[in-house]
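Reader: Before we turn to particular residues, could you take me through this model with some care, one question at a time?

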Amino acid sequence: MAKSGVTFGTLILRRSFHNTQKSFRYVRHSELLKSNESTAIGKYIFLTVPVTTLGLGLWQIYRMQWKENLISELQTKTNLPTVDFPADLSELEQLEYRRVRVQGHFDHTREVYLGPRSLLKGGGSTSTGSLMSQGSGAKSGYYVVTPFILSDRNLEILVNRGWVERDKKDPRTRQDGQVTEKIVLEGIVRQSEARPVFVPKYRGGDVWQYRDLDEMSTILGTSPIFLDACVDSDIPGGPIGGQTRVTLRNEHLSYVLTWLGISVGSSILWWKKFGKK
């Protein structure tokens, strides 16, 4: 009886040990499957980083080429021969950035200002950043916008005569430049511009922060037509003309290098972790 009991106990222990080994192998197999599944998921999630940044880099290359073409187009338009102001005002929509010739006189009693602005030279700002930011050492000022009454037809338009320093904003400080006789003026056709982000709407007064032709012309009693006076039309003692921006910020190359750099770096990391397995 004692021997039979020992044999039965030994059999029970062997079966328990065998079942334990089977359970251990099953648990370990399940853990390995879960681990492999997690690794596979992580592999494809990580792969989206180099793929996405590669796409962004290629998109910035396209944007850079578009911006360069736009700058070239603007520079070409502003250097085309001057044309007479069209009899059909609807043609002005096709003449933006073209030089046109008008004849008439200014009404300085309705002079207003756009700003603050930095001085533009050769179509580019003397300061860095946006129109409203000032670079180191750059002077702040305003564009002087004055109604211009054409002599060959019953029409009043707006002319950006040019830039003045902040302390010359008051017309009494530049009386020599406040001409009243009839003149021939060349200017570049401009259209209205959208209100920049974070810039408040016009709240009255004689200063605008952006070129809103509809509102400016309504308040000043002119047609919604706007010219930037060319530098050739400068009047001694008056504002500095030629304030048409034809150089645009083009930082797309730095964006290209950034996104492609991230794509290359993350591709190398992905290959080291997943590609060799």
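Predicted model: local features only at pLDDT ≥ 70, side-chain atom pairs only at ≥ 80, totals over all residues.

Reader: Where does UniProt place the feature "transmembrane region", and what share of residues 253–271 is helix?

Author: The unreviewed UniProt entry puts that feature at residues 41–62 and 253–271. Over residues 41–62 the chain is 100% helix, with the end C-alpha atoms 32 Å apart.

Reader: Which residues make the nonpolar surface patch of about 360 Å²?

Author: One member, Trp 59, is found in helix H1, which covers residues 2–78. Its relative accessible area of 45% makes Trp 59 partly exposed, because that class lies between 20% and 50%. The patch of about 360 Å² is made by Trp 59, Tyr 62 and Trp 66.

Reader: Is Ser 217 buried or exposed?

Author: Ser 217 lies in helix H2, residues 213–220, and, leaving aside its neighbours within four places in sequence, is in contact with Leu 158, Thr 222, Ser 223 and Pro 224. Since its relative accessibility is 5% and the cut-off is under 20%, Ser 217 counts as buried.

Reader: Which residue in E10 is the bridge partner of Asn 160?

Author: Strand E7, residues 156–165, has eight of its 10 residues buried, and nine bridges join E7 to the antiparallel strand E6, residues 140–150, where Val 145 stands opposite Asn 160. E7 also pairs in the parallel sense with strand E10, residues 226–229, over three bridges. In E10, the bridge partner of Asn 160 is Asp 228.

Reader: How many residues apart in sequence are the parts that Asp 84 and Arg 101 tie together?

Author: Asp 84 and Arg 101 form a salt bridge whose closest N and O atoms are 2.7 Å apart. Because Asp 84 lies in strand E1 and Arg 101 in strand E2, the parts that this pair ties together are separated in sequence by 17 residues.

Reader: Which residues do salt bridges with shared partners join into one network?

Author: Arg 99 forms a salt bridge with Glu 186 at 2.8 Å between the closest N and O atoms. Another salt bridge brings together the side chains of Asp 206 and Lys 169, at 4.0 Å from N to O. The network joined through shared partners consists of Asp 84, Arg 99, Arg 101, Glu 186 and Asp 232.

Technical notes
Residues numbered from 1 in each chain as written. Heavy atoms only, no water. UniProt positions renumbered as here; feature names shortened; annotations may be inferred. Helix = DSSP H or I, 4+ residues; strand = E, 2+ residues; numbered from the N terminus. Patch = residues over 30% accessible without salt bridge, like charges linked within 9 Å, V, L, I, M, F, W, Y side chains within 5 Å. Areas by Shrake-Rupley, 256 points an atom, 1.4 Å probe, with all protein chains shown as cover. Buried < 20%, exposed > 50% of the residue type's maximum accessible area, 1.4 Å probe, protein only. Contact = heavy atoms within 4.5 Å. Pairing = 2+ DSSP bridges.
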